[in-house]
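These are my notebook entries on a two-chain model. I record what I looked up, in the order in which I looked.

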Amino acid sequence: MAGSTLGANPVDEITDTLGKWGLRLLLLTLAITPLRQLTDWPHWQRFRRMLGLFAFFYVALHFAMYLAVDQSFAWSVLWEDVSKRPWVTLGFAALVLLVPLAVTSTRGWMRRLGRRWQRLHYAVYVATALGCWHYYWQVKLDVRSPLLYVAAFALLMGWRLWRRAARRQVAPPAPGNPVRGPAAGLRPAAILPKLRLPRAADSQ
Amino acid sequence: MLIRRPPDIRPSEITPPQVYAERRRLLAGALGLAAAALPVARLRAEPTGTVLASRPNPAYTLAERANSWEDITTYNNYYEFGTDKSSPAANAGSLRTRPWTVTVSGAAEVTGSYALEDLLKPHALEDRIYRLRCVEAWSMVVPWVGVPLGEVLKRFRPTAQAKFVQFTTLNDPRQMPGQRYSVLDWPYAEGLRIDEAMHPLAILAVGLYGRVLPNQNGAPLRLVVPWKYGFKSIKAIVRVHFTERMPPTSWNLAAPREYGFYANVNPEVDHPRWSQKTERHIGAGLFEPRRPTLPFNGYAAQVAGLYSGLDLRRNF
């Protein structure tokens with residue numbers, strides 16, 4: 001059936017698809033917070049952990065595909081690839097970095113780690129950057145597709161940097177003036193059109 | 001108290017008596033239709049195109065089975081039609097392969113422009129089964145139809161200055177949409193040392209599986225140098241130029257640390273970003289392990305002598 005097969009090289013096709021979706025899911029996970037801030041709708045947050053875990057799942061499968069199916073568990077090849085080929089080192093590092101994030105994704109761990117949980121989970125920025133770099137460096141010559149991922153990542157990080165800069169910019173209110181809160185005028189929701197999204201109470 | 005409930009089955013839902021009487025035939029018909037829509041095994045494309053008057057050359061055959069027509073014609077690196085493996089099959093229809101002119105120039109007594117038919121007329125088409133090894137570490141077995149390159153080149157009587165032969169592909173973004181994006185510097189150019197070009201293994205191919213070469217495989221005329229990585233086997237040749245100096249080649253220009261001029265298949269010399277020790281054989285199935293790469297792609301006995309004394313690591 002044309003179009004529904006894996007093609008002449010199914011091993012590469014599956015490995016590449018798993019890797020690409022792992023990276024896309026990481027980017028989707030990173031899009032949750034900006035979406036929440038842009039739309040003032042808190043319920044995006046509910047999907048963040050699920051997306052993050054799916055990303056980890058796909059990245060782990062991508063690695064398993066390479067190790068088990070492509071290389072038939074040739075551990076010496078894995079060692080050689082990870083140690084001699086920088087783009088594989090980066091990919092492996094990204095996978096390793098995602099492991100503690102997956103393990104500590106539960107509410108129990110959030111409680112146990114408290115404030116440190118958030119600091120640990122900033123590592124997802126590094127893991128995504130490494131993933132983009134791994135993809136860019138793997139491509140033979142046509143870098144257009146990886147550059148799209150880099151652009152998406154840059155956009156998502158740029159948003160965070162912009163918010164941080166905006167928050168720092170506001171001067172303290174003069175005595176007697178009403179306190180408007182940090183960066184109230186610069187809040188994205190105030191600048192960009194608000195999306196009319198259903199509140200929890202509406203969905204009965 | 002009587003609680004009236006409407007009947008569960010409405011009269012309109014009752015099966016008409018004719019349908020009920022024919023129910024077995026109708027069901028059998030529906031099953032047959034469904035079965036026809038689903039292929040029992042994966043339907044593979046059969047070779048298509050004009051049959052060529054070629055004869056098998058028994059000196060150039062392999063014990064391994066040739067890859068399927070479908071695999072050979074749908075898994076291609078041909079950036080002139082896009083950089084995905086499936087793009088050439090999808091996009092190469094826009095190439096007009098007839099009429100086709102090949103220009104022979106440079107250090108030779110006989111030069112000029114020739115229609116493809118005139119270029120090949122004196123030569124008998126041969127069926128040859130060759131291994132093809134891509135630099136990306138995958139391989140196929142391909143049943144080409146072609147003529148020995150050396151026999152064609154000899155007709156032009158290259159002079160003593162002709163130390164190398166350079167080949168050039170068509171440059172026409174209107175026919176080759178991938179050329180609108182300069183992933184490589186167009187036109188695609190390749191070259192061989194004169195003794196490599198004269199070697200009996202090197203052929204100019206015009207067909208596949210006894211039929212005219214499909215566009216995505218390099219129609220109407222391509223080079224096949226089976227002991228080198230696939231990128232040396234330039235497609236859609238429009239120019240053959242005899243030259244004294246080593247000619248520039250496209251992949252070497254694009255990434256000189258990764259692709260050399262010689263590009264002999266060599267398990268001992270890795271690509272900077274991946275190993276060349278093993279290769280994935282296309283068509284072998286999902287769980288078959290990779291195979292060890294053979295020196296000179298298994299043609300060491302025939303060609304290793306061309307490189308005696310040459311450091312193959314430095315001249316990769």
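**Entry 1: conventions and a proline**

In which loop of chain B is B:Pro99 found? I located B:Pro99 in the loop between helix 4 (87–91) and strand 2 (101–106) of chain B. Helices (H or I, at least four residues) and strands (E, at least two) are DSSP runs, numbered from the N terminus. I note that the model is predicted, that local features need pLDDT of at least 70 and side-chain atom pairs count only at pLDDT 80 or more, while totals for chains, interfaces and linings use all residues. Residues are numbered from 1 along each chain as its sequence is written, and chains are lettered from A and ligands numbered from 1 in the order in which they are written.

**Entry 2: confidence**

I read ipTM 0.83 and pTM 0.84 for the model. For chain B the mean pLDDT is 94, and 96% of its residues reach 70 or more; pLDDT is the predictor's confidence in each residue, from 0 to 100. Where pLDDT is low, the predicted coordinates should not be read in detail.

**Entry 3: backbone exceptions in chain B**

Most residues other than glycine have a negative phi, and most peptide bonds are trans. I therefore listed the departures from this rule. B:Arg98 and B:Pro99 are joined by a cis peptide bond, with omega about 0°. A cis bond also runs from B:Ala219 to B:Pro220, where omega is near 0°. B:Pro220 lies in the loop between strand 9 (211–212) and strand 10 (222–224) of chain B.

I then turned to positive phi. B:Ala137 has phi near 75° and is found in the loop between strand 4 (126–133) and strand 5 (138–148) of chain B. Is B:Tyr209 buried or exposed? A residue is buried if 20 or more other C-beta atoms lie within 10 Å of its own, exposed if 12 or fewer, and partly exposed in between, with C-beta atoms placed from the backbone. B:Tyr209 is buried because 23 other C-beta atoms lie within 10 Å. Its phi is near 55°, and B:Tyr209 lies in the loop between strand 8 (203–208) and strand 9 of chain B. B:Ala137 counts as partly exposed because it has 19 C-beta neighbours inside 10 Å.

**Entry 4: chain B as a whole**

I counted nine helices and 13 strands in chain B. Its C-alpha trace spans about 115 × 40 × 40 Å along the principal axes. The radius of gyration of chain B is 27 Å, whereas a compact globule of 316 residues would have one near 20 Å; the radius is taken over C-alpha atoms, and the globule rule is 2.2 Å times the number of residues to the power 0.38. Buried residues make up 38% of the 316 residues in chain B.

**Entry 5: chain A and its helix 1**

Chain A has nine helices and zero strands. Buried residues make up 19% of its 204 residues.

Among the buried residues of helix 1 of chain A are A:Leu18, A:Gly22, A:Leu25 and A:Thr29. An α-helix has 3.6 residues a turn, so residues three or four places apart point the same way. The buried residues of helix 1 pack against helix 2 (48–70), helix 7 (123–138) and helix 8 (144–169) of chain A together with strand 12 (278–281) of chain B.

After helix 1 of chain A comes A:Asp40, with a positive phi near 60°. A:His43 lies in the loop between helix 1 and helix 2 of chain A. A:His43 is partly exposed because 13 other C-beta atoms lie within 10 Å.

**Entry 6: between the chains**

I found 21 residues of chain B in contact with 15 residues of chain A; contact requires C-beta atoms, placed from the backbone, within 7 Å. The chain B side that touches chain A divides into 10 nonpolar, five polar and six charged residues. Ala, Val, Leu, Ile, Met, Phe, Trp, Tyr, Cys and Pro count as nonpolar, Asp, Glu, Lys and Arg as charged, and the others, Gly among them, as polar.

Notes: Contact = placed C-beta atoms within 7 Å.
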